[in-house]
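Please describe the fold of this protein as a whole, and then look at its nonpolar cores and at a few individual sites.

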Amino acid sequence: MSLSQKARSRADFESLIDYARGNKPCDLVIRGAKYLDVFSGKWASGDIAIAQGQIVGVGAKYEGLSVVSLKGRFIVPGFIDSHLHIESTCMVPDQFQKMVLPRGTTGAIVDPHEIANVLGKKGLKYILDCASRGFMDFYVMLSSCVPATTHLETSGARLTAKDLLEFKGHPRAMGLAELMNFPGLLSKEPEVLDKIVAFQDRLIDGHCPTLTGKDLNAYLVCGIHSCHESVTLAETREKLQKGMQVLLREGSVAKNIRELCKILDAYSSPQVSLCTDDRNPVDIRDEGHIDYLIRALIEKGIKPEIAYRTASYSTAKSYGILGKGAIAPGYDADLVVLKDVKKVKIERVFKNGCWIATEKDVPSIEVPPPKENSIRYEIPKLEDLRVLGESGKFRVIEVIPNQIVTKAREFRLTSFGQEVQRDLKNDILKISVLERHGQNRKIATAWVKGFELNKGALAASVAHDSHNVVVVGTNDLDMLECLKWMKESGGGFLAVSDKKILASLSLPVAGLMTDAPALEVYRRLKDLRAASKKLGCKLHEPFLQLAFLCLPVIPELKITDLGLVDVARFSLVDVRV
């Protein structure tokens, strides 16, 4: 039985048999459209009969209490996002489903490790409770990396194998989420292996950028199922050839699908899925969600039949989600009606046979989010942001636009009055991370290249995955103003210039999300992008780009509250070369 399907009685099955045999009229019959047969990769004609939220018949003519004529339209299965973190959309699950369901995303495999890193088991329980009451299908992978690393950053929580086992039997729990600490697994760290042992009978998602050869073999021999972190085509091919489910990703920051889709064809499509990991509300509203990824595939020459299959049935089959991803008897009536197949123009969506045209048609999730202020640091003094020392060569994090990997660079910086100075001419700015979970650690400061700010500062409390507060700026006064605002607001995104707030979005739910309406979140994020451009920033999504600079398991050079991290060495390094 699928996680999404309710248990049926004998009487239910008796009714379904009668509906399927045409002995009584169905609840809904869709007539006149062509629908995608994902099993053969061909378009088929005939009625689609729906009863009790399920497809009971296709092809033959049926009678229904309601008959909808969709002549000239095309119908495909509802889309399933194979990996995302709802928290990274800045919206609570209720608002997230209202935004993506009308765009054809009827299911998502979610990893709540963002909120779990802040609130621990309380955060995990909140997402599971929402998943139990969601109208769209949420399949929860229990977070394996809380914290992502144990010695390179300070997290707000720690989840051991014993902690995760408390949730293993939850009806919405599918398996173990992305195992990012692949260096820990390869070095046989007991805590990592304990989680592998505890979930060896469930799916375990992977996360292993640049891993190849014998190290990849060792990772896979532990039962790792998938990877969404491939960067190069060669890396992606090796993972596919070694049996991994390859998740092609196109988020707001990491944009890999157009290059990596070269591996996708009719033969490989069962081993390929699509994921967003993650798209924010601006990109979802302006461009789309999984529908945007499908459009990108088709534009790159992938046949529509393959693209739509990859977005639905391939993921359902790979993750063992029964009754999803196909238009056939016994499958749930999750359908996307298209005006144009190649341009992915969606006319309407059916979820369990219910018509979804706008977010108003999506029932709410009545689960109150936790709202205690999780920004618990003491506001630093201005001198705490200074980098003292003589002129010399320093390590610099270089941002790669549209990627979450970075380059480790070295530049000479000048000291004035025993304080090392920024180099705005060469786009070398100061970046600081302040631990926010109440352990009052000293602020960590280093240098970053790629934001191209000519004034002001940007800050975020979304900073993967421990979510300490990160700020980048052209001057210390504006950076300090950002840190003060974060403490007062409970977290969020902020753009400041001359100590004045240009734009902001408060995220009171764990400093990661808000339960404000999706449209309000969209508008505030648009204002933040505009403010960032006003300060000189040319990055498409500066705040999520900033957030990923704190993730110490993604190459090459990152920063946490403990300092600079050389990811290849998996250790802290000095800012000075």
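The protein contains 17 helices and 31 strands, where helices (H or I, at least four residues) and strands (E, at least two) are DSSP runs numbered from the N terminus. Its radius of gyration, taken over C-alpha atoms, is 24 Å, close to the 25 Å that the globule rule gives for 577 residues, so the protein is as compact as a globular protein of that length; the rule is 2.2 Å times the number of residues to the power 0.38. This is a predicted model, in which local features need pLDDT of at least 70 and side-chain atom pairs count only at pLDDT 80 or more, while totals for chains, interfaces and linings use all residues. Residues are numbered from 1 along each chain as its sequence is written, and side-chain values use heavy atoms, with hydrogens and water left out.

Of the 577 residues, 63% are buried, a term that means under 20% relative accessible area, with exposed over 50% and partly exposed in between (1.4 Å probe, protein chains only). Among contacts (heavy atoms within 4.5 Å) with a separation of 6 or more, 71% join residues 24 or more positions apart.

The largest nonpolar core has 109 residues, and those with the most contacts inside it are Leu142, Tyr219, Val448, Phe451 and Phe493; such a core is a set of buried Ala, Val, Leu, Ile, Met, Phe, Trp, Tyr and Cys residues joined through side-chain atoms within 4.5 Å. A second, separate core of 35 residues includes Ile257, Ile294, Tyr313 and Leu338. Ile294 is also one of the buried residues of α12, a helix spanning residues 290-299 in which nine of the ten residues are buried. Just after α12, Gly301 takes a positive phi of about 100°.

His228 lies in the loop between β13 (226-227) and α9 (233-241) and is buried, with a relative accessible area of 2%. Thr474, in the loop between β26 (469-473) and α15 (476-489), also counts as buried, at 10% relative accessibility. The table gives side-chain polar contacts of these two residues, a polar contact being a pair of N or O atoms within 3.5 Å; within protein, one must be able to donate a hydrogen and the other to accept it, and residues adjacent in sequence count only if both atoms are side-chain atoms.

| Residue | Partner | Distance |
|---|---|---|
| His228 | His83 | 3.4 Å |
| His228 | Asp277 | 3.4 Å |
| Thr474 | Asn475 | 3.3 Å |

Not counting residues up to four places away in sequence, His228 touches, among others, Glu178, Arg249 and Cys275.
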